[in-house]
Each structure stands twice: as C-alpha cells, then as structure tokens.
Amino acid sequence: SANPCMMCMPMGAATALSGLRGCMAILHGSQGCATYIRRHMATHYNEPIDIASSSLTEQGTVFGGEKNLAKGLSNLIKLYDPELIGVCSTCLAETIGEDLDGIIKRYQTANPDLKAKIIAIASPGYGGGLHEGFFRALKSVLEQTCDLDCETGTLGTHINIVTPFISPGDMRWLKSFLASFGLDFIFFPDLSENLDGGAGKSYERLKKSGTSIENIKKMANASATLEFSEFVPKGDSPGEHLLNRFHVPLIRLPLPTGIRAMDTLVQTLVKLGGIASPEIAKERGRYLDAMVDSHKHCGRVKAAVYGEPDFVKAMVSLCCESGMVPVVAATGSVCPSLHELKNSMDEAAQNAFAGETQLKDDADFTKIEEMCLLHGANLMIGNSDGRRISSKLAIDLIRRGFPIHDRVGGQRTRFLGFDGSLSVLDEAANSIMGKEERSFRMEITRSHFGTIKKAKPEKKALHPCFSGCEGQQVARIHLPVAPNCNIQCRYCLRKFDCVNESRPGVASSVISPREALDRYLDLKSKIENLKVVGIAGPGDPLANFDKVAQTIELIKERDPEAIFCLSTNGLTLPVYAKRLIELGVTHFTVTMNTINPSVGAKIISHADYMGERFTGEAAASILLSSQFSGIKMLADAGAQVKVNCVAIKGVNDSDLEAVSKKAAELGACLVNVMPHIPVKDSEFESISRLTKEELETARTKCEKHAPQMRHCRQCRADAAGLLGQDVPQELFLKRVEKMKVAVASKSGTLVDQHFGHAEEFLVFETDGETVIFLEKRKTAKYCNGECDESDKWAPVVKALSGCQVLLALRIGPVPEERLKKEGIRSVMTFGPIEEEILKISAMDTLAKSL
C-alpha cells in the first residue's frame with residue numbers, strides 16, 4: 001500500500017484486550033511497535049495507554065527473544081499485578097519464528113506461583129489490520145480460558161454480546177439499550193470505561209472496568225451469543241467458537257445503525273424474551289421525522305465510505321435508506337465478501353443501492369482518492385486519516401471510527417442506535433447546506449459577470465501569445481506563485497535570484513497570492529495596456545493549485561476584465577480543468593514534447609502522481625494520458641489551448657510533426673515548437689540548441705497540421721510588459737529580507753533537541769512566506785557533562801556562521817550569552833520546524849513595524 005487505509009493487527013489485539021478487566025497487553029517485538037500503538041490510542045482516546053513490550057533488539061532477533069519476553073513478563077507482573085496478560089506477537093516475532101505458546105509454558109513452569117493467566121495471541125502486522133487483530137485476540141482469550149474451565153456447567157439465562165471495534169460512547173449506548181429489555185448480558189469486550197474513564201484523584205495503572213475473567217468463563221454457558229459482525233475473519237469468530245465448542249446458539253447481526261438494523265435488533269431481543277420499552281418507538285418516530293426533514297439535502301450526497309468492514313456496511317446501509325448515494329465503499333482489510341454487500345441487504349435497501357457504487361477491499365488512500373475523483377464524491381465518512389483527501393479535493397469529512405487525531409472526542413463519536421445514526425445524518429445534511437452557503441454568493445457573482453464578459457474570440461485577439469501583431473501590443477504579467485513541480489524534465493533546472501537569465505522556469509523570487517495582487521495592481525498603474533495575467537511557474541501551477549486559485553480570485557475581484565492564462569505540463573490537468581474554467585481561465589499552454597512513451601522516458605526522469613513517484617515509460621505514459629485528456633476537456637469547454645513542444649536534438653526532433661498533428665486532433669488552436677535551451681548542470685546541458693534554420697524547417701512541417709506560433713520569447717516565470725520588451729526587474733521586484741535559521745533537531749522534522757546535545761544543525765532560509773532547507777552543518781557536541789569547555793565553542797560558532805537565529809528545545813544561559821555576542825539570537829521552543837521558523841519571522845516583522 002502506498003498509503004494504508006488501516007491500522008496494524010497488534011493494535012487491534014491491544015484494543016480488544018483494553019476491554020477486559022485487570023488485563024495488560026505486552027507486545028513481543030521491537031519497542032517501536034508498542035510506542036506506535038500507544039501514541040495512536042492515546043491521541044484518539046485522550047487517555048493514558050499502558051502497553052508493555054519485550055523490546056526485541058538485534059541480538060534477540062538473531063538468537064531468539066525468549067529471554068526478553070520472560071524479563072518483560074516479570075517486570076509487567078511486578079509493576080501491574082494483572083489478572084490477565086495478553087502476549088501479542090508482531091511482524092518481527094512471527095518472522096523469526098518465535099513459539100509464543102512454548103515460551104509461555106516454560107515461563108509458567110519456572111514461576112509456579114504465578115497468579116496471572118497468560119494468553120498467547122498470534123497478531124503479526126502483515127497478517128491483517130485492526131479488524132482482524134481485534135477478533136483474533138477475542139477468540140484467543142476464549143480458547144485459552146473457557147476450554148480449560150467450562151466443559152460442564154448449568155445453562156445460564158444470560159446472553160453473550162460480541163462486538164467489533166466500536167467507540168466507548170457507542171458501547172455505553174449499547175449497554176444501556178440492551179439493559180432496557182430486562183435481559184442479562186455479558187459484553188465481550190467492554191470498552192465503555194477503560195478507554196474513556198472519568199477523572200480520578202490518582203492514575204490507576206491497571207484498569208478495573210471491562211469484562212472479567214469470571215464472566216468470560218460464563219460465556220460458555222450462555223443461552224445465546226449475539227455477534228454484531230457480518231465480516232468477522234474466518235476462524236476468528238468468538239461466536240462460532242462458542243457454538244462449536246459449547247453449543248451456544250449464535251445469532252449474527254449487523255451493527256445497529258439506521259431503521260432496518262435497529263428493527264432487526266429489537267425483534268431479535270424480543271424473541272429472546274426481552275420486553276421493548278415504549279421509548280424505543282418514540283425514538284424511531286423522531287428518527288423517521290429527521291430523515292424526512294433532511295432528505296432534500298441528503299439526496300444530493302455522493303458519499304465515500306471507508307474503514308473497518310462492519311463499519312462500512314453500517315454506513316452504506318444508512319446512506320441507502322436515507323437517500324444518500326454511497327459511490328465508494330472501501331476497507332483496508334482483505335475482505336472479499338465486501339463485494340457481496342448488495343446481496344446481503346434486504347430488497348428495499350438493494351433498490352436504493354447505487355448502481356455505480358465501487359466496492360474495494362484491500363484498499364489504500366491512494367486508491368480511495370482516485371475513486372472519489374472518478375465518481376464525484378462530495379462527502380467522506382471515515383476516520384481522520386482521510387483528512388488529506390478531504391482537504392485536497394475540498395470534500396467534507398464526517399469523522400467516525402479509529403483513529404481520530406485531528407479532533408477532540410474521538411472516543412465519544414457515535415453512529416449506533418437512532419441517536420448515533422441521527423448524528424451522522426445531521427452532519428451529512430449540514431455539509432451540503434454549508435457548501436451551498438459558502439458557494440452561492442460566488443455563483444451569483446459569476447452569473448452576473450458572465451453576462452458582461454467580452455466574447456472569447458475578442459479575448460483571443462487580445463492575448464499576445466495567441467494572436468498576431470495587434471495582440472502583441474497588449475502587455476502581460478507572469479506571477480511566480482507556484483514553486484513546486486510534479487515532474488522533473490532532464491532539460492529543466494529552476495533557479496531563483498537569477499535576474500539576468502531569461503528562460504521558462506526562472507524567477508527571482510516566489511511570491512504569495514496577496515503579493516501577486518499587489519504586484520499586478522502596481523504594474524497596471526505603470527504599464528499601459530496591461531490586460532493579461534499569466535501563471536507559469538517557476539514550478540507547475542497545478543502542483544500549487546490552492547495558491548493559483550487564490551491568486552486568480554483575488555485579482556478577478558479587483559479587476560473582472562483581466563484575461564487569465566496558465567502554463568502547465570498537464571500531469572493533473574484532468575483533475576483541475578473544470579475548476580480552472582469555473583475560475584475564468586480562458587487561455588492555456590500545455591507543454592507536450594512527444595506522443596511516444598519511450599521518447600517521453602528520455603525527457604522526464606520522474607513524475608509524482610497521486611502520492612506515488614513513477615519513472616521511465618510508466619511516468620511518461622501517465623503524463624501523456626493526462627495531457628491528451630486535459631487538452632480535449634479544455635478545448636471542448638471552449639478554452640483557447642496552445643501546445644508548447646520543446647525541440648531537443650537527437651531526442652524528440654523526429655516527433656515534432658506527430659505532436660502537432662495530435663494537438664490539432666485534441667482541439668488545440670496553436671502549436672509552439674520552441675528550441676531547447678542548454679542549461680548548465682541540467683542533464684541535457686551538452687545538447688546543442690536548434691539553429692534558426694532547423695527550427696524554421698520543423699515549424700514548416702508542423703504547420704501542415706496546426707497553426708504555428710513564431711513570435712515566442714520563452715519568457716521567465718516573472719516576466720512583465722510587452723513580448724520582447726519586458727520591463728526591468730527592478731521596477732517591480734520586492735526585495736525580501738531573508739533570514740537564516742539554525743535548528744537543533746533529533747527527528748529532522750521538529751525543534752526537539754537541547755543545544756548542548758546537538759552534533760549537527762539544520763540550516764534553513766526564510767523570507768517570511770516560505771521556508772527553504774539549505775544544508776546540514778556538523779559540529780562538536782558542546783555539552784558532555786561540563787558545558788563550558790572553551791575548545792568546544794569554535795566548531796559551534798563555525799557551524800552557526802551566517803545564521804541570525806538558533807532554535808533549540810533548551811539552551812543554557814552561558815551559551816545563550818555567547819551566541820548573543822556572535823550576533824545570533826537563541827530561541828527555546830518545541831514544534832514543527834517550518835511552523836516555528838515562520839512564527840519567529842512573523843514576530844520579527846511585527847517588531848520592526850512597531
């Protein structure tokens with residue numbers, strides 16, 4: 001997976017064990033596994049999470065980790081005195097072939113007075129995800145507890161309740177709801193308190209809530225088992241084990257979400273002897289009324305649902321019965337039965353099931369993003385790991401499931417019962433209403449200006465690149481707001497602060513959208529006939545879409561008559577074509593250097609697409625496919641499209657005519673065959689440029705297929721003025737005072753190291769808007785117990801040469817004063833490096849203004 005859509009199997013096992021009273025989990029593997037799980041659980045549940053580790057090292061990996069595990073068990077028992085210990089294997093333990101059962105038996109033999117029961121759980125990370133690990137742990141606990149002590153016994157009247165992972169909030173609701181029927185239940189596991197407890201006077205290491213060992217043993221004598229899972233992994237079902245081993249009847253139910261699933265649960269409980277409270281009918285009525293109220297909004301939802309399999313089924317069912325269309329249903333688990341989801345629904349739900357719904361198991365977020373784009377999803381339902389897609393595609397996200405790191409209250413989120421279902425329904429309806437509220441003013445504005453816009457043919461005549469002599473009397477300005485690029489061409493080398501070099505991809509500085517507006521308005525007052533606003537780099541505009549869109553909107557608000565053009569390599573053009581047309585961009589330049597993937601592989605070294613880096617013909621093929629689709633989409637929408645083709649001797653010079661022919665077929669109105677510029681330090685620096693005669697011959701051949709542009713000046717990304725008569729850079733370049741900042745960092749991403757412990761400093765440069773990493777500088781460790789050693793100071797000063805500021809987690813008063821004498825200000829802080837640098841820069845700017 002490029003970007004997995006699931007948590008690991010040991011995390012599922014540890015979560016299940018958290019719902020058992022007096023239980024502690026220990027992971028047999030590296031210490032990082034336990035740290036990873038504790039971190040994810042602690043930030044989701046906002047509770048301290050205790051998980052032990054055998055801390056396997058290189059030695060244990062080679063010679064076996066029995067000694068580590070035995071020591072870990074002894075320490076765990078000494079510190080926690082648990083009733084139950086779950087020993088969970090990890091990738092490392094399973095890979096080296098550790099025999100957990102054997103190790104535990106030998107440990108028990110060596111410790112005959114041991115009170116705690118120890119359970120072996122096979123949970124390698126590569127064996128599945130949270131869903132699989134959760135059920136594997138429950139099945140292992142039952143196998144190693146009930147089988148020993150519960151061969152005989154009196155049949156009880158209680159009912160076993162087995163759930164997949166649900167939040168403590170949903171578990172509390174389920175316990176309360178079932179209790180209202182007057183029946184006796186054993187919940188396995190019970191996450192309601194241990195992972196969402198109340199504030200106490202002191203911290204309890206060992207959790208006192210959850211399912212007790214005594215109740216686990218009683219499960220073998222229950223009157224029935226209700227297992228709320230239709231996708232429990234084969235062989236790991238607690239309900240099947242109790243049925244096969246102790247003949248406890250098994251009833252499988254969907255998670256109780258929405259009308260149909262809730263009705264099924266109520267009917268089942270009544271058959272088992274329960275008495276339904278009249279309040280349930282009232283809640284059902286309120287929910288039906290809410291469905292009617294929200295239907296006009298929910299009817300416009302195209303939902304992408306992802307998460308654990310049972311959660312996905314519950315949300316898809318909820319969508320179908322409430323009028324929402326679930327266009328994507330995905331799980332990270334390997335779950336082929338998900339593809340039979342429609343068949344598992346009743347007839348009414350099947351009729352509501354979207355014919356175009358794409359079902360996907362073993363999915364990652366890269367695939368989910370592609371499906372969202374393909375099916376036009378406008379709402380996501382799942383955990384907070386989907387937030388990057390939500391942000392990138394501007395799709396609201398309803399956060400349910402695990403993990404939820406970017407919001408408070410993940411442990412209290414609800415989707416079970418009428419109340420929980422209604423919370424999802426309300427959020428979905430409010431999402432659609434919110435989008436309408438945010439967009440209707442812009443739609444009215446666009447509608448109004450659309451009636452007074454100049455006709456497109458007239459705009460074409462005014463653009464200096466798309467027209468003849470008359471159009472060349474119109475001035476243009478290129479705004480360098482797009483620093484990043486998603487491909488690397490072998491002839492390209494982007495530089496900054498290079499005012500004397502005139503070629504595409506060069507800009508003296510990158511500016512923010514607000515600075516771009518200021519520059520445009522300033523030059524419009526100075527340059528006669530400035531009408532065209534272009535964005536051509538210095539990277540690719542569509543790799544910086546948010547900044548580009550903001551720039552266009554800011555300028556359009558102040559000057560509705562501005563003509564917008566954009567130059568792109570086209571890699572993500574199909575994704576943004578519609579949005580660009582809506583923004584009012586009328587002229588496009590797409591650089592297409594070949595139509596042959598094998599030739600394209602010689603021109604580009606890699607392409608970064610959908611979160612993955614591609615090379616060779618794969619990269620070239622993806623680029624060409626996107627270019628073909630994007631050009632046609634723009635041309636069909638009525639935009640003016642020009643195709644640039646960089647002619648490179650011995651590489652693509654025999655393809656130029658084919659490119660021109662293809663461009664015309666796709667709807668391009670103009671082709672610009674432009675000579676390759678040899679750039680020092682680029683891969684193609686030794687390839688000579690086409691002569692004027694060679695270039696003219698190529699254009700004449702291409703002209704048989706499409707009109708040719710012969711007046712191109714291969715402009716900079718920050719050019720301004722008439723073609724061939726650019727205004728001096730000094731007229732508009734705002735010289736930004738830059739600052740060099742040194743950072744003491746252990747992780748490489750955070751300011752998180754003591755100054756005296758640093759053996760290297762990371763050096764960055766900032767202009768207050770962007771932060772650029774420059775280099776690593778080695779130094780001698782200043783503090784070795786005696787931090788005032790004079791012989792350690794010289795290499796520190798050398799490493800910090802040229803820096804104005806040092807950021808560190810801590811710094812003593814002596815080195816702080818020494819740095820001050822060297823003209824270096826030290827700041828103690830903690831946090832992401834880029835954010836902390838921008839904070840310091842902003843404070844300096846404010847101080848200067850005051």
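Which residues touch the most other members of the largest nonpolar core? In this chain they are Ile161, Phe177, Leu178, Leu269 and Ile381, out of the 55 residues that the core holds. Helix 13, residues 309–322, gives the most to this core, with eight residues. A second, separate core has 54 residues, and Ile511, Leu523, Phe545 and Ala647 are among them.

Before going on, a caution: this is a predicted model.

Some totals for the chain. There are 850 residues, and 54% of them count as buried. The chain has 28 helices and 31 strands. Taking contacts between residues at least 6 apart in sequence, 72% join residues at least 24 apart.

Back to the largest core, and to Phe177, which is one of the residues touching the most other members. If we set aside neighbours within four places in sequence, Phe177 is in contact with Met262, Leu265, Val266, Leu269 and Ile280. Leu269 is itself on the list of residues that touch the most other members of that core.

Next, helix 11, which covers residues 258–271 and contains Ile259. Is Ile259 buried or exposed? Ile259 is buried, because its relative accessible area is 11% and the cut-off for buried is under 20%.

Helix 12 is residues 278–298, and its axis comes within 10 Å of the axis of helix 13, crossing at roughly 80 degrees. Helix 12 is therefore roughly perpendicular to helix 13, since angles of 65 to 115 degrees fall in that class. On the helix 12 side the meeting residues are Tyr287, Met291, His295 and Cys298, and on the helix 13 side they are Leu318, Glu321 and Ser322. By class, that contact has four nonpolar, two polar and one charged residues.

The crossing of helix 21 and helix 23 is right-handed. Helix 21 makes the contact with Leu573, Pro574, Ala577 and Ile581, and helix 23 with Ser626, Ser629, Gly630, Ile631, Met633 and Leu634. Seven of the residues in the contact of helix 21 with helix 23 are nonpolar, three are polar and none is charged.

One joins Phe188 and Pro189, with omega at about -5 degrees. Pro189 sits in the loop between strand 6, residues 185–188, and helix 9, residues 213–218. Another cis bond runs from Phe402 to Pro403, where omega is near 5 degrees. For Pro403, the loop is the one between strand 13, residues 396–399, and helix 17, residues 417–450.

Then there is positive phi outside glycine. Asp81 has phi near 50 degrees. Its place is the loop between helix 4, residues 66–80, and strand 3, residues 84–89. Asp81 counts as exposed because its relative accessibility is 54%, and the cut-off for exposed is over 50%. Met610, also not a glycine, has a positive phi of about 55 degrees. Met610 lies in the loop between strand 19, residues 604–609, and strand 20, residues 612–615. At 13% relative accessibility, Met610 counts as buried.

Along the chain Tyr782 and Ala794 are 12 residues apart, and their C-alpha atoms are separated by 9.9 Å.

Note on methods. Residues numbered from 1 in each chain as written. Predicted model: local features only at pLDDT ≥ 70, side-chain atom pairs only at ≥ 80, totals over all residues. Heavy atoms only, no water. Left-handed = near helix turned anticlockwise from the far one by under 90°. Helix = DSSP H or I, 4+ residues; strand = E, 2+ residues; numbered from the N terminus. Contact = heavy atoms within 4.5 Å. Nonpolar A, V, L, I, M, F, W, Y, C, P; charged D, E, K, R; others polar. Core = buried A, V, L, I, M, F, W, Y, C linked by side-chain atoms within 4.5 Å. Buried < 20%, exposed > 50% of the residue type's maximum accessible area, 1.4 Å probe, protein only. Axes fitted to C-alpha atoms, helices over the stretch in contact; angles between N-to-C directions. Parallel < 35°, antiparallel > 145°, perpendicular 65-115°, else oblique.
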